[in-house]
Amino acid sequence: MRYRSRAREEIQQHLEDEAAADGVDLQGMVEPGFGYPNGSYEYIIANALLDAAAIRQPDDAELLNLKGLVVEQQSGSEAAIPYFKRSIEIDPDNVQGLFNVGRYYYNLAATAGEKLSGNALKKKVVPLYRQAQPYMERVHRLDPANTDATDALRTIYYRTGEGRKLQELEQGK
């Protein structure tokens, strides 16, 4: 299973909050569907508002994470990863940033795992799961109720042969 971000909801809520704080009416800024394929007008607005907010708050980890979510929706996770990583450089306990970096590596492993088998699978996939592991473990420590991180850890421990850790996870240790 691959994990998707909750980008749309997070972006929408943040944009509404930012716009309300700035006295901006998002409705009618750009006419939906008019010359913008696949809802890209939303990303134009989102990018503009996030860039404006970043000028006022350049070291805001949450803004960087949100920017990463917008970039991910537009251009894919490869383009978004620098924003997620920067968000956790600023705030090492930023659960969403940690999850998004872990999700990036986890999804790379899951995608590679769909295409490979045998030794090729082990050589390619296990290192990717191991890259995701510290991020997901940190999310799990900071937010034990995050079921997406817990489920990802189950798969990571299983795929990397870490039965003891899987057992501890299942026992709630």
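Analyst: Happy to! A residue counts as buried when its relative accessible area is under 20%. Please keep in mind that this is a predicted model.

User: Are Y106 and Y129 buried or exposed?

Analyst: The cut-off for buried is under 20% relative accessible area. Y106 and Y129 both fall in that class, so the word for the two is buried.

User: How many aromatic pairs does a search of the whole structure find?

Analyst: Ring centres must lie within 6.5 Å to pair. Searching the whole structure on that basis gives a count of three.

User: Why is the pair of Y105 and Y135 called stacked, and how far apart in sequence are the parts it ties together?

Analyst: The planes of the two rings meet at 20 degrees and their centres are 6.2 Å apart, so the pair counts as stacked. Y105 sits in helix α5 (residues 95-115) and Y135 in helix α6 (residues 118-142), so the parts tied together are separated in sequence by 30 residues.

User: What kind of aromatic pair do Y106 and Y129 form?

Analyst: Their centres are 5.5 Å apart, with 65 degrees between the planes. Planes over 60 degrees apart count as edge-to-face, so the Y106 and Y129 pair is edge-to-face.

User: Which element gives the most to the largest nonpolar core?

Analyst: That core has 36 residues, and Y106 and Y129 are among those with the most contacts inside it. Elements giving two or more residues include α2 (40-56), α5 and α6. With 10 residues, the element that gives the most is α5.

Notes. Residues are numbered from 1 along each chain as its sequence is written. This is a predicted model: local features need pLDDT of at least 70, side-chain atom pairs count only at pLDDT 80 or more; totals for chains, interfaces and linings use all residues. Side-chain values use heavy atoms; hydrogens and water are left out. Rings of Phe, Tyr and Trp (its six-membered ring) pair if their centres lie within 6.5 Å; planes under 30 degrees apart count as stacked, over 60 as edge-to-face and the rest as tilted. Helices (H or I, at least four residues) and strands (E, at least two) are DSSP runs, numbered from the N terminus. Buried means under 20% relative accessible area, exposed over 50%, partly exposed in between (1.4 Å probe, protein chains only). A nonpolar core is a set of buried Ala, Val, Leu, Ile, Met, Phe, Trp, Tyr and Cys residues joined through side-chain atoms within 4.5 Å.
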